Amino acid sequence: MKRMSLLGFAALCGLVASAAPFDVVALVDSLDFAHVYDIETATGTVQTLEHVLLTHPTTVLWRDKGGSLMRYPSAEEASPVGESPLDKRKLPRLSVYGNLRLERPEPDAFGIVRGECARRGLVYGIHTTWEENHWLAYTESNWNVAHPQYMCRTRGGGPRLATASLAWPEVRAHKLRLVDERLALKPQVVFLDLHRNGGWGPHMEYVKPVIDRWRAKYGCEPPADARDPRWLALVSEDVMSYLRAFGAKCHAAGVEFHIGFKHLTVKDDFLWNAYAIDWKALAADGTLDAVVVMDVDAGAKRPFDVTREILSYAKAKCGKARLYFHCSMYAMPYGIPGYVKATGMKAPDVARELLRIAKDTGCAGAYLECVDYRNYSPGVCDALGEIH
């Protein structure tokens, strides 16, 4: 047998070294841990992270909003004027929800998580959502409430309270300033979650800028059906402009930009009808570093086969962007519980099969959606650890 040349050996080593490990991405809503740990403290923040690490993630994405507050000091989304000054720690019988102060500068939760991830060799990033605030308590957005002139409207003129239209340049500028605030938290990844959309859609974009463009182009009143391809194309101009600017800001800062969406099928019409977003175009032009399929409707008859077909389709369409699949303990509509119900398999075995399908179809990794307190059982955690 001929000896492998030094050059050939080096090339082989290079191929092995360049093979990216399977990425397990934990989405973390720290608010979900507030009934267990005091997440307003550095100790509670680390305890939350320690629990999340039981799922063996390689990347940790921390939620930046919740309970109607940004979770860092924000110039764009200041605290509500009428917030309660009560301190839950001084009144131990007071519910933590609605009385947390996560927007204060100390302790710096994102700095703590960033430092802990760096110490452990994990990628750290931000999980942000399409909707203005996770939980629709109080308002969806303080900035939007202060600027009612930009409010979304339905075709009949009815306002969508506290939700601002992307058709207004001022709204897009505000949202991009929020991107700057997130980038100031020094993430390596920013993940924009379209699954949590707060009810927004093209049906809420019957506002003056879009209506004026429609009348100028078509010489008639806008269509009643917000899924009219012409209407979607007009709304898409604003949405795609915003997303491309979002991605450009991330890339200028050396940060990856990922988006996640739901209900992908091989027909591939839900995202366009629901958001007027052409995800394939964003992947093709380099706006997206990764596409995350957050759920599929796999059905009850052959759920794993359908999942494989959908992921194979997505892989073929996502261009240079990496593809991720969910491994969720939520049923939204078809997380691990849905596969368990359809197949009779145990949850750890379902997790193993989903991870195998994800790897076989070329996925770069799996998103854990979300890691809440004890929602990933020890058996499922073991299965997640095996993928490495």
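How many nonpolar, polar and charged residues does the lining of the largest cavity have, by class? The lining has 8 nonpolar, 5 polar and 7 charged residues, where Ala, Val, Leu, Ile, Met, Phe, Trp, Tyr, Cys and Pro count as nonpolar, Asp, Glu, Lys and Arg as charged, and the others, Gly among them, as polar.

## Basis of the model

This is a predicted model, in which local features need pLDDT of at least 70 and side-chain atom pairs count only at pLDDT 80 or more, while totals for chains, interfaces and linings use all residues. Residues are numbered from 1 along each chain as its sequence is written, and side-chain values use heavy atoms, with hydrogens and water left out.

Strands (E, at least two residues) and helices (H or I, at least four) are DSSP runs, numbered from the N terminus.

Strand β1 (residues 23-28) is joined to β12 by 4 bridges in the parallel sense, and D23 stands opposite G365 in β12. Another 4 bridges join β1 to strand β2 (residues 59-63), again in parallel, with V28 opposite W62 in β2. Strand β12 (residues 365-368) also pairs in parallel with β11 (residues 322-326), over 3 bridges, and here F325 stands opposite A366 of β12.

## Burial of two strands

In a regular strand the side chains alternate between the two faces of the sheet. For β1, both faces are covered, since D23, V25 and L27 on one side and V24, A26 and V28 on the other are all buried, a term that means under 20% relative accessible area, with exposed meaning over 50% and partly exposed the range in between (1.4 Å probe, protein chains only). Because 6 of the 6 residues of β1 are buried, this strand is largely enclosed by the rest of the structure. Strand β12 is likewise covered on both faces, with G365 and Y367 buried on one side and A366 and L368 buried on the other.

## Cavity and pocket

Rolling a probe the size of a water molecule over the atoms shows where empty space is left. The search uses a 1 Å grid over the protein atoms alone: a cavity is a set of points where a 1.4 Å probe fits but cannot get out, a pocket is an open set with protein on both sides within 12 Å along at least five of seven lines, and lining residues have an atom within 4 Å of a point. Grid points are joined across faces, edges and corners, and a volume is the space filled by probe spheres set on the points. The count comes to 1 cavity of 30 Å³ or more, and the largest cavity has a volume of about 200 Å³. Its lining is made up of 20 residues, of which T129, W130, E131, E132 and K175 lie nearest the centre. The elements that give two or more residues to this lining are β5 (123-129), β7 (159-164), α5 (169-183) and α7 (229-252).

The largest pocket has a volume of about 240 Å³ and is lined by 16 residues, of which P21, D23, R322, Y324 and A364 lie nearest its centre. Two or more residues of that lining come from each of β1, β9 (256-261) and β11. By class, the lining of the pocket has 10 nonpolar, 3 polar and 3 charged residues.

## Cysteines and backbone details

A search of the whole structure finds 0 disulfides, a disulfide being a pair of cysteine sulfur atoms within 2.5 Å. C327 is in no disulfide, and the nearest cysteine sulfur, that of C381, is 10 Å away. C327 is buried, with a relative accessible area of 1%, and C152 is buried at 0%.

Most residues other than glycine have a negative phi, and most peptide bonds are trans. A cis peptide bond joins E106 and P107, with omega about -5 degrees, and P107 is placed in the loop between β4 (69-70) and α3 (109-120). K186, in the loop between α5 and β8 (189-193), has a positive phi near 60 degrees and counts as exposed at 57% relative accessibility. H263 lies in the loop between β9 and α8 (270-275); its phi is positive and near 60 degrees, and H263 is partly exposed, with a relative accessible area of 27%.

Terms used:
Pairing = 2+ DSSP bridges.
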